Amino acid sequence: MLSIHDLNVSFRTRRGDVNAVKGISFDLAKGERLGIVGESGSGKSVTSYALMRILDAGGRIAAGEAVYSGIDLRRASESAMKDIRGREISMIFQNPRAALNPIRKVGHQIEDVLRQHAQATAANAKEKAIAALEAVRINDAAARYEAYPFELSGGMCQRIVIAIALACNPKLLIADEPTTGLDITTQKTVMDLVDDLVRARGMSSILITHDLGLASQYCDRIVVMKDGLIVEEGDPVALFTNPQHPYTNRLVEATPRRGVRIRSLLPEDQRTPEPPRTIGNDPLLDVINLKKTYMGKSGPVHAVKGISFTIREGESVGLVGESGCGKSTTSAMIVRLLEASSGQILYRGEDLATLPALQFAHHPLRSKIQMVFQDATDSLNPRHTARQSIAEPLLRMSKLRGDKLRARVEELATLTGLPTHLLDRFPHQLSGGQKARVGIARAIAPDPDLLILDEPTAALDVSIQALVLNLLCDLRARLGMSYLFVSHDLNVVRLLCDKVVVMKGGAIVEAGSVSDVMDAPSDPYTRELLSAAPQAPQRSIA
């Protein structure tokens, strides 16, 4: 169905042409499910954009062939490509909210595709759009037809994007990181849905991802890309249990999975002894019967329903559950970014819940509880350099100024593994891993006792994630901090945490040591979470 031969894609920049894809070749058979894996910058998405001919103004296919069902996509006219896009080849983009028009009802956006390819008329477009919503298993599709994207959850928006992509029954579906940012049960639901539809309609598919477990579960063949080149390809089981290329081996090693230690994620030459964990007997934080209620259009919404848990000195506690279960609301209340409706937040015996959020901002204890936010890019001021971002809490909460402030910022950069020559760069000049280090350095600047980490590695490549997780492990031992680690990645929680608290619908359904909860879960919901986590094939141990 699709034949790629010696494909080269380049981008014009101020410093000359940059080759993003360097002569790759592969074929895709009818009905085959191909996975393209690799880290950011490897050329995965650029390859798909080249096939769809949607590269930005600076990008061009410099050489090679991309032939779809006898049509040379490189040389096809724009008019021909408009017919091919959506009708023959369709794409699910990485960020569903960015892919949808925010001021247009989702039903109308499906109609646009149907009308563009003459698949519907003005008389039956609404009926077909609702049928497309029903095909992706959206409940009450007629009502959702009238919804705007901001009224829907991330998982629901992803279903809308899938409905648009499949509305015209294409022959080839390209899914570019279709589950990034989704919790594991929603991820499984979305991927099962896509896989079922692909199989039922006899389509071919290309899944672009950096999640090896996801690729192995939903693909028949895997292509591994690095720096614009294909370095290895083959059957998922053979590829991941016996990788032949050092880069593939590094990706496999860096993937969190059951039965490995946190240091095992790193390359062998970086595996220093893991620091010992010292956990005290005294509670650092006691959350008692904490509740948060919002007033919605149809009455009160109970986001957090009287939860209680304890974090001891030096302890790392994982808070897991699906999107909307109350994890982030709980962490925001503890750090006093949100007011609690009722309950207690005892920090070393002092109830922080009695302090208004504005008053707590100037309280001496404010420096003792800090937060690392989920999106390292959005949480940094784009007009501040890394140095200014790290220095900000020190300017607010300490008396350090001048040379002492500069020395402390550079000390924090060194502590978090951020090269000091990057301190004068702005966020857009830093990689994802570097921005994550800036966020961590900023959070630990005031010497906190408790660090709240809200999905700090969710959008990072596996090798960068491995570095950040090991950094957090080292910082915890070196600085004696306690962690509240909010995540939906149970494999990461298993590596970094001592205890785990499982939330569902605003309530705690199970809590205990990581080994007890994850090896022998007592609640059906915990078992559902564990079974939903994708697992790459395990290599045999000699």
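Axes are taken here as lines fitted to C-alpha atoms, for helices over the stretch in contact, and angles between N-to-C directions run from 0 to 180 degrees. Helices (H or I, at least four residues) and strands (E, at least two) are DSSP runs, numbered from the N terminus. The model is predicted, so local features need pLDDT of at least 70 and side-chain atom pairs count only at pLDDT 80 or more, while totals for chains, interfaces and linings use all residues. Residues are numbered from 1 along each chain as its sequence is written, and side-chain values use heavy atoms, with hydrogens and water left out.

The axes of helix α4 (residues 106-116) and α7 come within 9 Å and cross at roughly 20°. With angles under 35 degrees counted as roughly parallel, over 145 as roughly antiparallel, 65 to 115 as roughly perpendicular and the rest as oblique, α4 is therefore roughly parallel to α7. The crossing of α4 over α7 is right-handed, a term used when the near helix is turned clockwise from the far one by less than a right angle, left-handed being the anticlockwise case. Contact (heavy atoms within 4.5 Å) is made by Val106, Gln109, Ile110 and Val113 of α4 and by Ile160, Ala163 and Ile164 of α7. These residues divide into six nonpolar, one polar and no charged, where Ala, Val, Leu, Ile, Met, Phe, Trp, Tyr, Cys and Pro count as nonpolar, Asp, Glu, Lys and Arg as charged, and the others, Gly among them, as polar.

Helix α7 also packs against helix α8 (residues 184-200), at an angle of about 15° and with the axes 10 Å apart. This angle makes α7 roughly parallel to α8. Here too the crossing is right-handed. On the α7 side the contact involves Gly155, Gln158, Arg159, Ile162 and Leu166, and on the α8 side Thr186, Thr189, Val190, Leu193, Val194 and Leu197. By class, six nonpolar, four polar and one charged residues take part in the contact of α7 with α8.

The nonpolar cores come next, each being a set of buried Ala, Val, Leu, Ile, Met, Phe, Trp, Tyr and Cys residues joined through side-chain atoms within 4.5 Å. Buried means under 20% relative accessible area, exposed over 50%, and partly exposed in between (1.4 Å probe, protein chains only). The largest core has 110 residues, of which Ile110 and Phe485 touch the most other members. Helix α7 (residues 154-166) gives the most to this core, with nine residues. A second, separate core of 32 residues includes Ile4, Leu34, Met81 and Ile208. In soluble globular proteins, nonpolar side chains tend to be buried together.

Beyond its neighbours within four places in sequence, Phe485 is in contact with Val317, Gly318, Leu319, Leu453, Pro456, Leu469, Leu472, Val492, Val493, Leu496 and Cys497. One of these partners, Leu469, lies in helix α17 (residues 462-479). Leu469 is buried, at a relative accessible area of 0%. Setting aside neighbours within four places in sequence, Leu469 is in contact with Ile262, Leu265, Thr457, Phe485, Val492 and Leu496.

Ser205, in strand β8 (residues 204-209), counts as buried at 11% relative accessibility. With neighbours within four places in sequence left out, Ser205 is in contact with Leu28, Glu32, Arg33, Leu34, Leu172, Leu173 and Val198. Met225 sits in strand β9 (residues 221-226) and is buried, with a relative accessible area of 1%. Although Met225 and Gly43 are 182 residues apart along the chain, their C-alpha atoms are separated by 7.0 Å. Residues that Met225 touches, not counting those up to four places away in sequence, are Ile24, Ile36, Val37, Gly38, Ser42, Gly43, Lys44, Thr47, Ile230 and Tyr247.

Lys44 and Thr47 are also among the buried residues of helix α1, together with Val46, Ser48, Ala50, Leu51 and Met52. Because seven of the nine residues of α1 (residues 44-52) are buried, this helix is largely enclosed by the rest of the structure. Just after α1, Arg53 takes a positive phi of about 55°.

Finally, Pro356 is found in the loop between β15 (350-351) and α13 (357-360). Pro356 is partly exposed, with a relative accessible area of 37%. Not counting residues up to four places away in sequence, Pro356 touches Arg336 and Glu339.
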